[in-house]
Amino acid sequence: MVKVVIVDYPYLGGLEIFKLEEEEFKKNGIDLAFENCKTEDEIISRSFDADAILCCGNPPITRKVISSLNNCKVIIRYGIGVNSVDIEAATEFNKIVYNMPGFCAEELVIHASALILNLIRNINYYDANIRNGNWPKAQGVVPKRLSNLVVGLFGFGVSARPMAQVFNKGFKSRVIAYDPFVNDEIYKEYGVEKVTFEELLKNSDIISIHAPLNNDTYHVFNKESFGKMKNSSMIINISRGPIINENDLTEALLTGQIRYAGLDVFEREPINFDNPLLKMNNVVLTPHSAFYGEEAMQNQHITAVQLVIETLLNNKIVLENVINRDLIK
């Protein structure tokens, strides 16, 4: 019998949210186990006989884990980022790594847009003041129209492309993007100007991050980067916290090097309660929830079921979800 282990099920919620997996796997003769593993050794001991392991959050799927799970053929993340999985080791040990690109693209666009609109229109500032007994009518930073601002996208993949349409076609903003892995035809299709990273920093009024965390993007937004941005600019991050050097961001906000930040992700999560960002009224914070939505969660469970059944029962690789494509060349 094929066996599947969800190694960190509490990350997404209680057992009740996995009803689709339970029903479909039972129907197809697949054994499903739920575990709450925190360490490498726990994953190994509780998944040693699994044909597939499913990761809700970011459990340590390291070389040690991968090399120890001899029966495992498939590693699946209920999400987009795979920085907690050793992709090189997975490829070496002939294990397919799947993610779920686009499962929450619309939610990410809505959330990033909400952070931008909140900051542009002083929403948190007004709300906090009214609740404290003040009436700051027409106070705060004077807002500009989005039609007069340049929106820069760091990364131009699944979530960035509809974001471009929202601001280009909806708000009539000029939209530019930096992504060296996207061909010129895609930029033309979406009416977006392709720029270098330096040009993105220099020309953007708003930078929204839509890129994975890897060696190239780690701390790419740092003191040097902020120094090249406009003093009136805004940075939005709904991707991964360590793409931004948080200490450098704090300094840039305190010194007026940039004006605003909207953050859904952080270098350390949950955020420390002594983090100076919590005291800044030019910063809007949310708790790594940009992906959160009814339809997005449905997509996660449907996709998990499809990936397991197609790969382990039908012997078909779902190419659009494969991260380590070198394995199947």
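The following questions and answers examine how terms are applied to this predicted model.

Residues are numbered from 1 along each chain as its sequence is written. In this predicted model, local features need pLDDT of at least 70 and side-chain atom pairs count only at pLDDT 80 or more, whereas totals for chains, interfaces and linings use all residues, and side-chain values use heavy atoms, with hydrogens and water left out.

Q: What makes up the secondary structure of the protein?
A: The protein comes to 12 helices and 12 strands. Helices (H or I, at least four residues) and strands (E, at least two) are DSSP runs, numbered from the N terminus.

Q: Why is the protein called as compact as a globular protein of its length?
A: The radius of gyration is taken over C-alpha atoms, and the globule rule is 2.2 Å times the number of residues to the power 0.38. For 329 residues the rule gives 20 Å, and the radius of gyration of the protein is 21 Å, close to that value, so the protein is as compact as a globular protein of that length. Along its principal axes, the C-alpha trace spans about 65 × 50 × 35 Å.

Q: What makes strand 1 and strand 2 a pair?
A: Two strands pair if DSSP finds at least two bridges between them. Five bridges join strand 1 (residues 2-6) to strand 2, and the two run parallel.

Q: Which strands are the edge strands of the open sheet, and what makes them so?
A: The sheet consists of five strands in the order 2-1-3-4-5, with parallel pairing. Strand 2 (30-34) and strand 5 (96-98) are its edge strands, since each pairs on one side only. Neighbouring strands of the sheet are turned by 15° against each other on average, direction ignored; axes are lines fitted to C-alpha atoms, for helices over the stretch in contact, and angles run from 0 to 180 degrees between N-to-C directions.

Q: Why is strand 2 described as largely enclosed by the rest of the structure?
A: A residue is buried under 20% relative accessible area, exposed over 50%, and partly exposed in between (1.4 Å probe, protein chains only). Four of the five residues of strand 2 are buried, so the strand is largely enclosed by the rest of the structure. In the protein as a whole, buried residues make up 50% of the 329 residues.

Q: Which strands does helix 12 lie across?
A: Helix 12 (residues 294-313) lies across strand 1, strand 2, strand 3 (52-55), strand 4 (74-77) and strand 5, and runs at about 170° to strand 4.

Q: Why is L254 called exposed?
A: The relative accessible area of L254 is 62%, and the threshold for exposed is over 50%; L254 is therefore exposed. This residue is placed in helix 11 (residues 246-254).

Q: Where is the cis peptide bond that joins E269 and P270, and what is its omega?
A: The omega of the bond between E269 and P270 is about -5°. P270 is in the loop between strand 11 (260-263) and strand 12 (283-285).

Q: What makes the set that includes I206 a nonpolar core?
A: A nonpolar core is a set of buried Ala, Val, Leu, Ile, Met, Phe, Trp, Tyr and Cys residues joined through side-chain atoms within 4.5 Å. The largest has 59 residues, and I206 is one of those with the most contacts inside it, as are L54, Y78 and I116. Contact means heavy atoms within 4.5 Å; leaving aside neighbours within four places in sequence, I206 is in contact with residues including I120, L146, M234 and I236. Apart from this core lies another, of 29 residues, among them V195, A211, I243 and L253.

Q: Which way do the residues of strand 9 point, and are they buried or exposed?
A: I206 and S208 point one way from strand 9 (residues 206-209), I207 and I209 the other way, and all are buried. Four bridges join strand 6 (residues 150-154) to strand 9, and four join strand 9 to strand 10 (residues 234-237).
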